Amino acid sequence: MNEHDKGHIVPYATLVAVWAALLTLTIMTVAASRIDLGALNIWVALVIACSKSVLVIGFFMHMKYENRLFRLFLLVAVVTLTVFIGFTFFDVLYR
């Protein structure tokens, strides 16, 4: 049995810190929705949502502790999704 098969033990302090960061980002999302930034509102919301996703995927889904191949596959999937979302934004923007 190698080290990877044993699982990951994440200290409670780390999980609490990630939870606090997620709560803070949620509060920032609500606060940003109440401020009129014009076209920047969607970008601020996307940046905050991406930050929250990185925390959840990294710590709660243990992707931070996986090997490089899994992280590379995840990166390819995220880049593909980003390209498709970008094409959707361009389509909506230039109608």
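Here is a walk through the structure above, helix by helix and then domain by domain. Keep in mind that what you're looking at is a predicted model.

Let's start with helix α1, which covers residues 12-33. At 1.5 Å a residue, its 22 residues should span 32 Å, and the C-alpha atoms at its ends are 31 Å apart, which agrees. Now look at which of its residues are tucked away: Val 18, Leu 22, Leu 25 and Ala 32 are the buried ones. If you look down the axis of α1, these buried residues fall within an arc of 90°, so they line one face of the helix. Turn to the other side of α1 and you'll find Tyr 12, Ala 13, Trp 19 and Ile 27, which are exposed. And what does the buried set of α1 pack against? The partner is α2.

So on to α2, which runs over residues 40-60. This helix has 21 residues and reaches 29 Å from its first C-alpha to its last, close to the 30 Å expected at 1.5 Å a residue. Its buried residues are Ile 48, Leu 55, Gly 58 and Phe 59. They cover an arc of only 105° around the axis, which puts them on the same side of α2. The cover over these buried residues includes α1.

The largest nonpolar core is made of six residues: Val 18, Leu 22, Leu 25, Ile 48, Leu 55 and Phe 59. Both α1 and α2 give two or more residues to this core. For a close-up, pick Ile 48: leaving aside neighbours within four places in sequence, Ile 48 is in contact with Leu 25, Met 28 and Thr 29.

Next, follow the chain out of α2. You come to His 62, in the loop between α2 and α3 (68-93). Is His 62 buried, exposed or partly exposed? With a relative accessibility of 26%, His 62 counts as partly exposed; the cut-offs are under 20% for buried and over 50% for exposed.

Met 63 lies in that loop between α2 and α3 too. Not counting residues up to four places away in sequence, Met 63 touches Ile 57, Gly 58, Phe 70, Arg 71 and Leu 74. Take Leu 74 from that list: it sits 11 residues from Met 63 along the chain, and their C-alpha atoms are separated by 8.9 Å.

That brings us to helix α3, where you can find Phe 89. At 34% relative accessibility, Phe 89 counts as partly exposed. Setting aside residues up to four places away in sequence, Phe 89 touches Ile 42 and Leu 46.

Finally, zoom out to the whole protein. It is divided into domain 1 (10-64) and domain 2 (66-94). Six residues from domain 1 and five residues from domain 2 take part in the contact. How much area do domain 1 and domain 2 bury between them? The figure is about 480 Å², with 74% of it on carbon and sulfur atoms. As for spacing, the centres of domain 1 and domain 2, taken over C-alpha atoms, are separated by 18 Å.

Technical notes. Residues are numbered from 1 along each chain as its sequence is written. This is a predicted model: local features need pLDDT of at least 70, side-chain atom pairs count only at pLDDT 80 or more; totals for chains, interfaces and linings use all residues. Side-chain values use heavy atoms; hydrogens and water are left out. Helices (H or I, at least four residues) and strands (E, at least two) are DSSP runs, numbered from the N terminus. The expected span of a helix is 1.5 Å times one less than its number of residues. Buried means under 20% relative accessible area, exposed over 50%, partly exposed in between (1.4 Å probe, protein chains only). The arc is that of the directions from the helix axis to the C-beta atoms. Contact means heavy atoms within 4.5 Å. A nonpolar core is a set of buried Ala, Val, Leu, Ile, Met, Phe, Trp, Tyr and Cys residues joined through side-chain atoms within 4.5 Å. Domain bounds come from an automatic or database domain assignment. Buried area is the accessible area (1.4 Å probe) that two parts lose on being put together, summed over both.
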